[in-house]
Amino acid sequence: MESAQTFTLAALGSQFLVGLSRAMILFIVSSGMSLVLGVLRVPNVAHGSLYMIGAFSAFSISTLFGGGTIGFWLALLLAPLVVALVSLVAERSLFCHLYEREHLMLLLFTFALMLILGDLVKMFWGADYRSIMAPPMLRGSVPVFGSPFPKYNLFLLIVGPIVAILLYLFTNKTKIGKISRAAAVDMEMVGAIGINVSWVFAFAFVLGCLLAGLGGALISPTISITLGMDHDIIMEAFLIVAIGGLGNIWGALVGSLIFGLTQSIGLLFWPQFAIVFPYAAVVIVLTWRPRGLLKSVW
Amino acid sequence: MVLKNSINLKSSILAAALVLILLVLPPFLPRFYVYIFAVIFMTALLAMSLNMVVGHGGLFQFHHGAFYGVGAYTVALMLTKTSLPMWTGFVAAPLMAALVGLLIGLFCVRLTRLYFGMLQISLGSLVWAIAFRWYSLTGGDDGIHGIPIPSLIASSKGAYYFSLILLTICLIIMYLIYKSPFGATLQAIRDNPERCEAIGINVRRHQLLAIVIATFFAGIAGVLFVVVEGSVFPDLLFWVFSLEIFIMCLLGGWFTFAGPILGAAIMVSLRTFVGAYTEYWTLILGIILIFLIFFLPEGVWGFFMEKFGSPQKRMAEEDHK
């Protein structure tokens, strides 16, 4: 009896930590989406594809540099930049000409981008499953609550808050960050005082996509990298920004925690339908507060 | 009185002639084309049902495929797992789709625009997740195959006639709704919700009713899918497919009544004939979509109406805008 209870508690505790580290990835990806939503007011449907490109580029970069420790860190550094470059090209060549149009057109454009990027990934990397190894120092596990906990997840638990703090410093303390926030609230006023709004938009879009790429690169050692990994994450990111409050980066954090924790704890109780728990949480939150938990910038 | 005024004699003769041609066509067509036509009819009904809320209602119904899938799964499950008479499944499917539409709609109509669309995508994805995971009932990602279809409509010609007749009946009903006071109110809400609210129209209730009606027709399209394909799979409820239906409406022209039929016909033909040559069909779809966004935002039908439509009608439409 006694041992059964400690086992359950230990399982709950380690599942909680797994959920927390999952939430960190979700936060990094969805904060990027939230940033784009806040400034451009369009849900970037291609966000998941950029996350997928982040993971695939991480694979290629790490393979290129021999797959060792250096390869891993370089992949983590360069893959988000590859994604940022892709998004910059898409934004400057096509997307930026649509800012004057209806928002629905912007949304449909990002959908078109998702379709195109998905097939381009298929062209470049093929439909095979890929995987990369974490560097030796992040492999294996350490005992937490009496059960082994992967070191890499601990690493994610450190990276998540760092990204959150950097994002906070960036949006609140730097000039371009402040301009982005101002553009999110009143784009016309920002334009009226002589700031090139189109470039602010480009900047926010590219930064948001870079975060998607970072999320993809960070998750790559823990999963098999494959086509279709974009679909799951995009839906989760949608839900997270919806329950957090559209365009609110802290809302994305709260939403990620709710999503990651309900998912991993649900896995303990009802494995086949663990996916139902976060959705149920979303329905409850949105019934209670239709515009999300935190204040939306809209 | 209202109906008499609203039905344009010339267009209705044209439509009747088109239906007649389609009725006598099958014996002269190869079997494959008969099948493709049936797919077009079914998809056209689906796109038309979506356009009732998107084009006429101005709602961001981003996950229409969920209701289509619910209809298809309902009829598939009733035909395979119960021994009830065949027709009960055909009746239950649209009702079930409308019920799910009502449930999801109740949550969504409290929100506006993009919030509406995002909540709908998420709730619709929940329906997808259930169909995808519940192996014992829905067969999971394999879906359900070999559904016993009544022999009268099981052949490709039978399916062709069944879907053509159902499509025609549904289109007539949709047109009557479109031209009814309810349809006019709905379009007024699309153009100016605040003013409608101010003159005492219950905006939410009208939108909800529109969603229920549209999802009912989506359920009928789901029945047609089962009749034409003889199987169901969770991709029907996947959000990417829903956005594809959305593109059909855009492609045909969503401020016109019949545009989505054209959009569905173009998309099904492209997918069939271009998709046969390349494995990169979605790439082509994406390029088509970008082309549409930049050059044909009013859709193909809207474009031709603007270029070649009668001047009076064009002016009336401009006034309307």
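**Close-up views of a two-chain predicted model**

**View 1. The hairpin of β1(A) and β2(A) has two residues between its strands.** There, A:F145 takes a positive phi near 55°. Strand β1 covers residues 141–144 of chain A, strand β2 covers residues 147–150, and the two pair in the antiparallel sense over four bridges. Strands pair if DSSP finds at least two bridges between them. A:V144 stands opposite A:S147 of β2(A). This is a predicted model: local features need pLDDT of at least 70, side-chain atom pairs count only at pLDDT 80 or more, and totals for chains, interfaces and linings use all residues. Residues are numbered from 1 along each chain as its sequence is written, while chains are lettered from A and ligands numbered from 1 in the order in which they are written.

**View 2. α9(A) passes α11(A) in a left-handed crossing.** Left-handed means that the near helix is turned anticlockwise from the far one by less than a right angle; clockwise would be right-handed. The axes come within 9 Å and cross at roughly 30°. That angle makes α9(A) roughly parallel to α11(A) (angles under 35 degrees count as roughly parallel). Axes are lines fitted to C-alpha atoms, for helices over the stretch in contact, with angles from 0 to 180 degrees between N-to-C directions. From α9(A), the contact uses A:L239, A:A242 and A:I243. From α11(A), A:V282, A:V285 and A:L286 take part. Residues are in contact if their C-beta atoms, placed from the backbone, lie within 7 Å. The contact comprises six nonpolar residues, no polar and no charged.

**View 3. Chain A meets chain B through 27 residues of chain A and 25 residues of chain B.** On the chain A side, α4 (103–125), α9 (229–244) and α11 (276–288) each supply at least two residues. α4(A) gives the most, with 10 residues. The chain A side divides into 22 nonpolar, three polar and two charged residues. Nonpolar covers Ala, Val, Leu, Ile, Met, Phe, Trp, Tyr, Cys and Pro; charged covers Asp, Glu, Lys and Arg; the others, Gly among them, are polar.

**View 4. Chain A has 11 helices and two strands, whereas chain B has 17 helices and zero strands.** Helices (H or I, at least four residues) and strands (E, at least two) are DSSP runs, numbered from the N terminus. The elements of chain A run α-α-α-α-β-β-α-α-α-α-α-α-α from the N terminus on. Its C-alpha trace spans about 70 × 50 × 35 Å along the principal axes. The C-alpha atoms of chain B fill a box of roughly 55 × 45 × 45 Å.

Notes: Two residues are in contact if their C-beta atoms, placed from the backbone, lie within 7 Å. Angles under 35 degrees count as roughly parallel, over 145 as roughly antiparallel, 65 to 115 as roughly perpendicular and the rest as oblique.
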